[in-house]
Amino acid sequence: MVGCLLLAARLASADLEFVVKGIEDPLRANVLAYIDTVQIGRSVRASRRDLEKVLAGAVDEARVALRPYGYYQPDVSGRYIVNRDRDPVLELTIRPGPPMIIAELDLRVDGAGAGSRELREWREDWPLTVGKRLDQVVWQRQKQLGIEIAEAAGFLNARYSVHVLELDLEENTAVARLVMDTGTRFLMGDIDYGPHALRPHVVRNIPRFEKGDPYSARLMDTFRLDLWQTGYFTDVDVIEVLRRDLDPPVVDLELLLKTTTKNQYLGALGFGTDTGIRLQGNWKRQPMSSRGDSLDIGIGWQEVYEEFALRGAYRVPRFDRAREYWTADLTIKFENQDLEFKRRDEDEGFIKIANGNVDERHFRFGPLRIINSKAGDRQIFVTPFVQYLNSDRRFAPVDPRPTVIGGSGSEAFDRLLRGIDNALSAGVDLDIVSIRGKGFDTRGHRERAWIFTSNTALGSEFDFSQAYLSTRRSYIAGDRWKFLLRAEVGYTDAI
């Protein structure tokens with residue numbers, strides 16, 4: 001009795017601390033979360049009866065806290081002790097006892113989404129299989145995950161027609177029944193672009209989907225990202241309006257867009273062993289007008305070869321065709337080069353015979369067409385083009401009487417030192433992009449290919465053909481591994 005009175009006296013001026021022994025997290029953390037912190041005011045004396053109530057309440061709450069983890073027959077005992085600071089401590093010692101084991105599992109998916117790959121994988125990865133300990137925390141988490149997966153795939157009316165846990169407390173076994181009804185998949189509906197500063201055909205080029213295409217959360221994420229990446233808008237808000245009353249149900253979109261002409265400036269300063277000092281600058285203005293056109297101008301210089309380049313790119317959406325643009329690119333480059341050659345293929349080094357300037361002017365024009373896959377996760381950029389290349393070379397021989405070709409004054413040598421070449425060619429550029437995910441989880445592939453030919457029949461001064469193909473691929477393996485693969489091949493034929 002004296003011990004209880006002394007403890008009650010300490011409780012009058014201190015908060016009660018709880019200590020749980022015999023179990024580890026997450027069970028221990030859940031027990032501590034269930035037990036209420038007991039505070040005894042300074043003017044209140046805790047009687048022995050009060051202490052027994054606190055202790056009994058803590059024991060009961062600890063039993064309840066263990067049930068979500070499948071332990072329904074724990075052995076819980078408690079006592080009061082005093083810590084080193086002479087403060088009161090309620091100590092619980094817990095033996096969780098035998099766990100509740102899943103004896104039977106009925107996990108099914110009904111409805112239009114029963115064949116969905118994502119939901120099939122969800123079922124295959126279900127962790128609470130027969131013979132495993134019942135964990136209601138995992139049970140609830142997996143139930144919520146199933147609904148999220150179904151909704152992300154477009155089944156926005158998904159629900160559980162059956163969700164039951166039957167417990168046999170004598171046998172410590174459980175029967176789990178979970179049946180999802182996905183309902184009908186939602187389709188993409190109308191888009192209300194609201195007021196904006198662009199012409200209607202410009203914004204109609206942006207979506208990767210058509211009205212009536214299947215809805216998916218990934219498609220909507222891509223749409224929001226595409227709106228930002230156009231560079232047309234300074235503020236983007238996409239509101240999804242669910243039309244559950246329609247058959248089939250649809251998702252209408254209401255867009256709140258703010259358009260402001262933006263100037264983007266980029267600059268870079270670098271150094272490389274093969275280039276020396278490098279300077280780069282870039283200016284981009286988009287949109288330039290309500291037509292949605294954009295202008296991108298870049299300038300660069302590098303120390304080695306005294307190379308100077310100026311490039312410009314212009315793009316404007318076509319009025320009469322969705323997801324098509326007129327594109328024009330201009331590049332002007334000036335470069336100082338050495339003219340070198342080998343006497344024989346087996347020679348180790350080159351012989352420098354001349355030095356001079358090479359000026360190039362390159363212009364390319366063509367229509368860009370964007371082809372979207374039905375799922376919206378892949379885009380194909382196709383650009384048929386014509387291009388014109390003008391090259392002006394002016395070399396001065398290092399030796400005024402070179403003998404390696406036949407001497408200055410020979411027709412072959414003079415044509416090599418000075419000349420203007422013009423080439424008109426036609427070809428097609430293909431770019432396939434299929435990328436999904438964010439950050440480290442980004443995966444997918446990108447293929448780039450082009451082929452073009454220049455022929456005297458087209459007005460060129462020589463025949464020239466080139467083909468190129470490259471691929472970049474990203475794969476995820478587990479939680480920590482990512483593989484990046486790259487390959488390219490090309491062929492050039494010149495006469």
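How many residues does helix H7 have, and how far does H7 reach from its first C-alpha to its last? The views below, all from a predicted model, begin with that helix.

**View 1. Helix H7 spans residues 217-229.** H7 has 13 residues. From its first C-alpha to its last, H7 reaches 18 Å. That is close to the 18 Å expected at 1.5 Å a residue. Just after H7 comes Gly-231, with a positive phi of about 80°.

**View 2. The buried residues of H7 line one face of the helix.** They are Leu-219, Met-220, Thr-222, Phe-223, Asp-226 and Leu-227. Seen down the axis of H7, these buried residues fall within an arc of 160°, so they line one face. An α-helix has 3.6 residues a turn, so residues three or four places apart point the same way. What covers the buried residues of H7? The cover includes strands S7 (187-192), S8 (233-243) and S9 (250-259).

**View 3. A nonpolar patch lies on the surface.** Trp-326, Leu-330, Phe-363, Phe-365, Val-386, Tyr-388, Leu-424 and Leu-458 form this patch. Together they have about 680 Å² of accessible area. Strands S14 (324-341), S15 (351-372) and S16 (379-397) each supply at least two of the patch residues.

**View 4. Leu-424 is found in strand S17, residues 418-436.** Is Leu-424 buried, partly exposed or exposed? Its relative accessibility is 36%, so Leu-424 counts as partly exposed.

View 5. Of its 495 residues, 34% count as buried. The protein exposes about 28900 Å². Carbon and sulfur atoms supply 52% of that area.

Note on methods
Residues are numbered from 1 along each chain as its sequence is written. This is a predicted model: local features need pLDDT of at least 70, side-chain atom pairs count only at pLDDT 80 or more; totals for chains, interfaces and linings use all residues. Side-chain values use heavy atoms; hydrogens and water are left out. Helices (H or I, at least four residues) and strands (E, at least two) are DSSP runs, numbered from the N terminus. The expected span of a helix is 1.5 Å times one less than its number of residues. Buried means under 20% relative accessible area, exposed over 50%, partly exposed in between (1.4 Å probe, protein chains only). The arc is that of the directions from the helix axis to the C-beta atoms. Contact means heavy atoms within 4.5 Å. Patches are made of residues with over 30% relative accessible area and no salt bridge: like charges are joined within 9 Å, nonpolar side chains (Val, Leu, Ile, Met, Phe, Trp, Tyr) within 5 Å. Accessible areas come from the Shrake-Rupley method with a 1.4 Å probe; for residues, only the protein chains shown count as cover. A salt bridge is a side-chain nitrogen of Lys or Arg within 4 Å of a carboxyl oxygen of Asp or Glu.
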